[in-house]
Structure formats: C-alpha cells, structure tokens
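Q: Please take a close look at the side-chain contacts in this model. Which side chains meet, and are they buried or exposed?

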Amino acid sequence: MAKVLCVLYDDPATGYPATYPRDDLPRIDRYPDGQTLPTPREVDFTPGHLLGSVSGELGLRTFLESRGHTLVVTSDKEGPDSVFDRELADADVVISQPFWPAYLTAERIARAPKLKLAITAGIGSDHVDLDAAIEHGVTVAEVTYCNSISVAEHAVMMILSLVRDYLPAHRIAREGGWNIAEAVSRSYDVEGMHVGTVAAGRIGTAILRRLKPFDVHLHYTDRHRLPAEVERELGLTFHESAADMVPHCDVVTVNAPLHPETEGLFDDALLAGMKRGAYLVNTARAKIADRDAVVRALESGHLAGYAGDVWYPQPAPADHPWRTMPHNGMTPHISGSSLSAQARYAAGTREILENWFDERPLREEYLIVDAGKLAGVGAHSYSTR
C-alpha cells in the first residue's frame, strides 16, 4: 500500500465554507482543442465546493483509504521540521499545487527514496526539480488544460484593469470619494493597442482569442510557431523573440512555463526595450521577471503598470516589494484555482492516481517527466539544465 502526501493551501480564516454563492457549475464537455476533460471512474466530491484547501483534500480520502492507501494532507511545507519534510521520507506519491507549492528540490528528492510519482494538481510543474526527478526515476505529471482558461480569463481581466486603471477608481468609490479627474488621469482604452504574448500555448492562445473582439493588434512569440490558419484567423504578427516583440507592444502578457530558457527573461535590458508606458501582465511564473527590475521600471515610470498573481517564493513574504510597488494589480496566486478549475484538477488528480495504482498508462498530455526523461507535454514545453 502506498503513502500519498498531499500539500494544499489553508482553509479560509473563517473556516471551511458551509454554503456557496452558486448551486452548480457551467457544464463543459471538452476543452477548446478537443482534449477530453478528466475521466476518473468516479469522484467523491461535489463540483463547485472548495477542494483545493486542506479540508477539501481534493476529494481523495475515501477513494485512497478504501484501497488501503494512506493519505496525509497538510499545508505545513516550509523548513526541516515541517510536516511535509517529516512525512516525505517514506512517501510514495506527492501531490502539490502551483498556488501553494511544495518545492521538491533536488535535496528533498534525494531524501525520499520511495518517491515514484509527483502530481501537480493544476498546471506548471516548475516547483519540482525536473533534473533531479529524471535522475531518481520519479514520474512527474500534471492535469494539463484543467485551468488554462481560468488563467486566461484572469489575465484578460488584469489587462483591462490596468489599462482602465480600475482598482484606484474602485478604491475612490469605496472610500466615499467622487474625484473624476483623479479617477481618469491614468485611464486609457484598450481599443487600438498592440498586445503581445510571450508564448502562445493553451493559455496564450486563449488570451489572444478573448482579446480579438476588443479591436486590438495581436502579436506573439513562441519557440513553436502557430499554424498559418490560426495566424490568419486572429490576425497575429509573429516575432522570433521576446526582444523582437516587446518594442511594438503597449501590453505584454507572459504565458510561458518557467525553465532555464525563460528564468529571468524580463530583466532590466528587456524591460528597457518595452515602450514607455507599456503594461506587463505575468500570470505565468514570477521568476520569469527580475523582481527588482520590475520595481525599478515602475518607479521610473517606464512601465505604466504590472499585474499578475505569481510570486517567488509562495507564499510571498509580507515585505515583498511587489505588494507595494506603484501601479500594481497583484493578487495572491489564484488565477488557476477558481472553484470551476478545482473540480477539474481534483478529477484529473483522481484519474492519474487511479491509472497509476492500476498500472495503466497515464495520458501522454499529462506527462512532464517519465522513464528518466522529459515526456509528453513536458518534452514540448520544458527544458533541463
């Protein structure tokens, strides 16, 4: 029997919800590219309930314990005395989330001799040292596409919020004010702007599709060029690199995975190449942008705004400069953890576990590392050192 160690974010400070604003979730039959949604044989949770927190347990306890496995769920993941570190030594499977990542470093993987499977309940497995996973024969899998549209919707919301300067105007209203001039002195229309994405995978392409009706000019860069019919349909301009693209854009959105080729991409030099008054939205990974370079670009006025929900480390310390830098629209890492997304990634995690324990192959599109090498979507999207 296996020991499954699951690291999830804390319950709400007010306690696990007893009620929800809605009674159901919209029905989705397939993802936009035709990929099927997660197909576990059954689930033991109610879609639309909070599943990603400790008490939600991703709806896995009944399933795992009925098969004789042990499930340990914790949010305590930092430091050598954390529950995560204590329980990791004899764990067979680790489940974590990008929103509250249990960093599976090379050192931690080396101290987990029984570990064979690391599941990301969501998308983005950069919290796992993929080189170490390859070296130690650990399979890494994630629930590809489960929250891609959730993140795309969040990114579009942030673009509109930054350009229209929504958050300061909302603050004026909440505080009883009515100074129109103050509220509009940084507000522009998105219409006519040039918007570019760094990477045009599932999320990046979904953002482009959602922005097209706003009558903007769309740009992208990616190491895999999109089919010509997609470029024509969306009116896309392709650029060989981010450095080539950003001088043309009023808004840049980052949608690339974090790996050695993208870490630190938005440094002082690349930010200086952006138009004065451009906006940068990053819902991918914080380490793709240089933390202090972003602060400098905002304080100098070169960037008009920065928004995102990804930080390093996570949770971010209280004195992280992105909490207080000017003209930011930061949120905690929530874009991919809507209640809608939670139902999909909980079901996908269950599907992966069912197949793993029944010795059936995992979906190719779920694989990041397998059999000692990058595999599946991991071979398409990631690089190693």
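**Side-chain contacts**

A: The structure holds 0 disulfides (pairs of cysteine sulfur atoms within 2.5 Å). C6 is in none; the nearest cysteine sulfur belongs to C146 and is 14 Å away. That is too far for a bond. C6 is buried, with 0% relative accessibility (buried is under 20% relative accessible area, exposed over 50%, partly exposed in between, with a 1.4 Å probe and protein chains only). C146 is also buried, at 0%.

This is a predicted model: local features need pLDDT of at least 70, side-chain atom pairs count only at pLDDT 80 or more, and totals for chains, interfaces and linings use all residues. Residues are numbered from 1 along each chain as its sequence is written, and side-chain values use heavy atoms, leaving out hydrogens and water.

Now the rings. The structure holds 6 aromatic pairs (Phe, Tyr or Trp ring centres within 6.5 Å, using the six-membered ring of Trp; planes under 30 degrees apart are stacked, over 60 edge-to-face, the rest tilted). Y31 and Y145 are stacked, because their ring centres are 4.6 Å apart and their planes lie at 10°. Y31 belongs to the loop between β1 (3-7) and α1 (61-66), and Y145 to the loop between β5 (139-142) and α5 (148-164), so the pair ties together parts that are 114 residues apart in sequence. Helices (H or I, at least four residues) and strands (E, at least two) are DSSP runs, numbered from the N terminus. Y31 is buried, at 6%. Y145 is buried, at 6%. Y220 and F238 form a tilted pair, 5.1 Å centre to centre with 55° between the planes. Y220 is in strand β7 (residues 217-221) and F238 in strand β8 (residues 236-239), so this pair joins parts 18 residues apart in sequence. Both Y220 and F238 are buried. Ring pairs also link Y306, W311 and W322 into a cluster.

Charges sit over rings too (NZ of Lys or CZ of Arg within 6 Å of the ring centre and within 35 degrees of the ring normal). The charged end of R323 sits over W311, 5.4 Å from the ring centre. K77 lies over the face of W100, at 5.4 Å from the ring centre. K77 is buried, at 2%.

K77 also meets E78 in a salt bridge, 2.4 Å from N to O (a side-chain nitrogen of Lys or Arg within 4 Å of a carboxyl oxygen of Asp or Glu). E78 is partly exposed, at 46%. The structure holds 27 salt bridges. Another joins E261 and R223, with the closest N and O atoms 3.3 Å apart. E261 lies in the loop between β9 (251-254) and α11 (268-272), and R223 in the loop between β7 and α9 (228-234), so the bridge ties together parts 38 residues apart in sequence. E261 is exposed, at 52%. R223 is partly exposed, at 41%. E365 and R363 meet at 3.3 Å, N to O. E365 is partly exposed, at 26%. R363 is buried, at 13%. A network of salt bridges links R41, D44, R67, R350, E354, D358 and R360.

Last, the surface. W178, I180 and V184 form a nonpolar patch, with about 400 Å² of accessible area together. V184 lies in helix α7 (residues 180-184). V184 is partly exposed, at 48%. Patches use residues with over 30% relative accessible area and no salt bridge, joining like charges within 9 Å and nonpolar side chains (Val, Leu, Ile, Met, Phe, Trp, Tyr) within 5 Å. Areas come from the Shrake-Rupley method with a 1.4 Å probe; for residues, only the protein chains shown count as cover.
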